[in-house]
Amino acid sequence: MGRPGAASGPDATRRALASLPFHDPSFDIVDAGDLVYREAVSGEPLAGVQAALTASVQMLLGSGHFPIVMGGGNEASWGTGKGIYDWARSFTPHKKVGIVLWDAHFDLRSVEERGVSSGTPFWQLAQDAQTNGDPFHYMCLGVRRVANTARLFATANELGAHFVTADDFMEINLHRLAHTLDTFIDGVDVIFETVDLDVFGAGHAPGVSAVNP
């Protein structure tokens, strides 16, 4: 439902990074390839790719890799997050997952509103955590009040979400923001960090669905 063109993201990112030197011999970078839509799951074309992404992330983590998923759009966050949660549940007791989202939007819309989209991944993860008896640790950094409805703020509060508004991102607040983030990280075992490019100003991220000043 967003701006067309996100499918070009992975290859564009590869081209941008291809000529950069790599100097750390302590680990290797492996390109695990692309996930391409092949069949619908429960009538949702997007769900097929998301299910494959879930399985891939869980497998990579189980094999000792550190997966970096490149979009595309933020609909990739559901498959990525689900894979991390499923891997974390393989431990006894379960590892606690913390989500750190850099985004101008909460992306906490319910699936019932318009179906699965880039606006629903963290609502989906919250429901998945609740179903499996896991806590939902979620922090959104860069939220714009004019880009989120009152209902979304209410949903964030109901879920016990932590968030910092875009208005608070000033150099004078740097130490307080760092303390807030450190405290959140100290309360979990695993971090799922995800960046939606629309958290940046239009001069740096003009090609997103929701361009911000």
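Which residues form one aromatic cluster with Phe106? Phe153 and Phe163 do, the three forming one aromatic cluster. The model is predicted, so local features need pLDDT of at least 70 and side-chain atom pairs count only at pLDDT 80 or more, while totals for chains, interfaces and linings use all residues. Residues are numbered from 1 along each chain as its sequence is written, and side-chain values use heavy atoms, with hydrogens and water left out.

**Overall fold**

- The protein has seven helices and four strands, where helices (H or I, at least four residues) and strands (E, at least two) are DSSP runs numbered from the N terminus.
- Along the sequence these elements follow the pattern α-α-α-β-α-α-β-α-β-α-β.
- The radius of gyration of the protein is 17 Å, which agrees with the value near 17 Å for a compact globule of 213 residues; this radius is taken over C-alpha atoms, and the globule rule is 2.2 Å times the number of residues to the power 0.38.
- The C-alpha trace spans about 40 × 40 × 40 Å along its principal axes.
- Of the 213 residues, 36% are buried, where buried means under 20% relative accessible area, exposed over 50% and partly exposed in between (1.4 Å probe, protein chains only).

**Aromatic pairs**

- There are eight aromatic pairs, counted when rings of Phe, Tyr and Trp (its six-membered ring) have centres within 6.5 Å, with planes under 30 degrees apart taken as stacked, over 60 as edge-to-face and the rest as tilted.
- One of the pairs joins Phe22 and Phe27, which is edge-to-face because the ring centres are 5.4 Å apart and the planes stand at 75°.
- Phe22 is partly exposed at a relative accessible area of 45%, and Phe27, found in the loop between helix H1 (9-17) and helix H2 (45-62), is partly exposed at 42%.
- Phe122 and Tyr138 form a tilted pair, with 5.5 Å from centre to centre and 45° between the planes.
- Phe122 lies in helix H5 (residues 121-131) and Tyr138 in strand S2 (residues 137-143), so this pair ties together parts that are 16 residues apart in sequence; both Phe122 and Tyr138 are buried.

**Salt bridges**

- The whole structure holds eight salt bridges, each being a side-chain nitrogen of Lys or Arg within 4 Å of a carboxyl oxygen of Asp or Glu.
- Arg14 forms a salt bridge with Asp34, their closest N and O atoms being 2.9 Å apart.
- This pair links distant parts of the chain, with Arg14 in helix H1 and Asp34 in the loop between H1 and H2, 20 residues apart.
- Arg14 counts as partly exposed at 23% relative accessibility, and Asp34 is also partly exposed, with a relative accessible area of 47%.
- Lys82 forms a salt bridge with Asp128, where the closest N and O atoms are 2.8 Å apart, and the pair links helix H3 (residues 76-88), which holds Lys82, to helix H5, which holds Asp128, 46 residues apart.
- Lys82 counts as buried at 17% relative accessibility, and Asp128 is buried with a relative accessible area of 9%.
- Arg89 and Asp86 meet through their side chains in a salt bridge (2.9 Å, N to O), and both Arg89 and Asp86 are buried.
- Salt bridges that share partners join Lys82, Asp86, Arg89, Asp128 and Asp134 into one network.
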